[in-house]
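Me: I would like to learn how to read the packing, bonding and strand features of a model. Please take them one by one, with the general idea before the case.

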Amino acid sequence: MKNNIALFILVFIIIYGVNAQQSPNTFIVYGDSGKSTISKNIYGHFTEHLGRCIYGGIWVGKNSLIPNTRGIRNDVLAALKAIRVPVVRWPGGCFADTYHWMDGIGPAEKRPKFVNTTWGGVVEDNSFGTHEFLDFCELLGAEPYLTVNVGSGTIKEARDWVEYVNSDNDSPMANLRRLNGRKEPWNVKFWGIGNETWGCGGNMTPEYYSNVYKQFSTFCLGKFKILSGGTSDDLNWTETIMRATKNHGDLIQGYSYHYYTICHNWEKKGDAVNFNESEWFNTMQKTAFIDGNLDQHAAIMDRYDPEKKIGLIADEWGNWFDPEPGDNPAFLYQQNTLRDAVTAALFLNIFNNHCDRVRMANIAQMVNVLQSVILTKDDKIVLTPTYYVFKMYAAHQGATLLPIKMNSEQYSQGNDKIQAISISASKDNNGKIHISIANLDPMSEKKLSCEVHGISAKKVTGEIITADKMNAYNDFGKPEEVTIKPFSDAQLRNGMLTINLPAKCVVMLELD
Ligand code: AHR
């Protein structure tokens, strides 16, 4: 009996004594065990002829009083260069399946106009077409990603587009390009074969689209062809398409995945700025969902493509809130707060941690639409909290993902719980380690302790994005409320990192 009591006391001391000293948030970064590369293209963008994304956001025309380079805004260009945009998707989205590229080439004054029935019924004058978009990408130093019109276009039209931009032969389309002032081909690598073909791209079944895909892909001679995926919860779409294309490996290099976080439901998505803690929680929880959802889609792909030749291309992602009152609701213009910065960090950490399969991601959208990195009003520009996350996370581009073992406190609302901390880590070519951390809990700070294995770092430096209010944002003509600031609450001693994370923040640490 006495022995039993002594044993009980010993076990009690071991369990509770040890736990009392430990931070509940512990993680291990394995500094020498990285295998997969975080493709720089995970930091890609999406642009569409929607609202003021192209017109007003990127393109103001050569005669505009707003300073521009061949019609492209200089301020937007400079801001985008600073975050090292690697790839840009265009012309849609749903718009792509109504777009006929030949309307957008040749002298601008001769280009036909049409009504953009997909987005707001505004007149599209085609002044921004293939040459202008590819010029924009060249100025930016980014790779273009073109989506061909499957829904209302033809295979010939798609094939001709590839020839027009990529051929160096004495061929009709290459000669037409030369006639329009461009001698060298652009060599566009990424080609999307339709967009959301389950919905706005043609309301197809996966069985039907698999055949359409194979037919288009056979004749479009692009190097890297991307198939339109289903909705995030439609695992049957992924299964059906992977099965139907499994013997046609040369026809498919990418499988597209779209995910939008909405706070409530598609009818009432939630206000972008005026929200309470429960709405903050919903947004975090719905974003965290993609961690398991990507695993589900990747597991299906693994069965048909165990060598992981086909990339998962998350070519539309972000927060989708109710449009700003007073604007055309079809323009999908929304403000961007600290909440968007924290979810952007969560999305990007999840994409990084799935980089063995996720080879590209494109935030929706680049300027003035949904979770933009930039907002413009006439000649003014705002860099959003999401912009600063891209700036901070650029350190992960092309680096090697480091495995992490994580124990995180939970952040709960009512009966719902999510992990309070989100992390990803990488090692760059110079051996520097970057650890990006988000505290999803807007009410309480977190203490973290971290063992860093396999490297002998001497020093840690850091940066932080946070603000006093959950809904702090940057606005035209006002000082910035949300930006990157130095962070010094991380200490490194004997391979052990201790970090005090404020509530609702995104932190990037560099270990050298
Ligand atoms: O990004 C807005 C729209 O969302 C895109 O056009 C479409 O692909 C998606 O449904």
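**Rings, cores, cysteines and strands**

Reply: A search of the whole structure finds 26 aromatic pairs. Rings of Phe, Tyr and Trp (its six-membered ring) pair if their centres lie within 6.5 Å; planes under 30 degrees apart count as stacked, over 60 as edge-to-face and the rest as tilted. This is a predicted model, in which local features need pLDDT of at least 70 and side-chain atom pairs count only at pLDDT 80 or more, while totals for chains, interfaces and linings use all residues. Residues are numbered from 1 along each chain as its sequence is written, and side-chain values use heavy atoms, with hydrogens and water left out.

Me: Which residues do ring pairs link into a cluster?

Reply: The cluster consists of Trp59, Trp90, Phe95, Tyr99, Trp101, Phe114, Phe128, Phe133, Trp161, Tyr164 and Trp191.

Me: Where does a charged end sit over a ring?

Reply: The criterion is that NZ of Lys or CZ of Arg is within 6 Å of the ring centre and within 35 degrees of the ring normal. Arg89 places its charged end over the ring of Phe46, 4.7 Å from the centre.

Me: How should I read the nonpolar core, and which residues touch the most other members?

Reply: In soluble globular proteins, nonpolar side chains tend to be buried together. A nonpolar core is a set of buried Ala, Val, Leu, Ile, Met, Phe, Trp, Tyr and Cys residues joined through side-chain atoms within 4.5 Å. Buried means under 20% relative accessible area, exposed over 50%, and partly exposed in between (1.4 Å probe, protein chains only). Here the largest core has 141 residues, of which Phe351, Ile435, Leu497 and Leu509 touch the most other members. Helix 9 (residues 338-353) gives the largest share of this core, 10 residues. Helices (H or I, at least four residues) and strands (E, at least two) are DSSP runs, numbered from the N terminus. A second, separate core has seven residues, including Tyr145, Phe224, Ile226 and Ile313.

Me: What does Phe351 touch, not counting residues up to four places away in sequence?

Reply: Contact means heavy atoms within 4.5 Å. On that count Phe351 touches Ile42, Ile290, Leu294, Ala314, Trp317, Val358 and Ala361.

Me: Leu346 is also in helix 9. Is Leu346 buried or exposed?

Reply: Leu346 is buried, at 5% relative accessible area. Leaving aside neighbours within four places in sequence, Leu346 is in contact with Met284, Thr287, Ala288, Ser422 and Leu440.

Me: How many disulfides does the structure hold?

Reply: A disulfide is a pair of cysteine sulfur atoms within 2.5 Å. The structure holds one, formed by Cys94 and Cys200 with their sulfur atoms 2.2 Å apart. The torsion about the S-S bond of Cys94 and Cys200 is about -85°, so the disulfide is left-handed. The pair links distant parts of the chain, 106 residues apart: Cys94 lies in the loop between strand 5 (87-90) and strand 6 (114-116), and Cys200 in the loop between strand 9 (190-193) and helix 6 (206-219). Cys94 is buried at 15% relative accessible area, whereas Cys200 is partly exposed at 39%. Cys53 is in no disulfide, and the nearest cysteine sulfur, that of Cys137, is 12 Å away.

Me: Why is strand 20 described as largely enclosed?

Reply: Six of the seven residues of strand 20 (residues 421-427) are buried, so the rest of the structure largely encloses this strand. Strand 20 pairs with strand 21 (residues 433-439) in the antiparallel sense over seven bridges. The two form a hairpin with five residues between them, and Gly431 in the turn has a positive phi of about 85°. Ile423 has Ile437 in strand 21 as its bridge partner.

Terms used. Two strands pair if DSSP finds at least two bridges between them.
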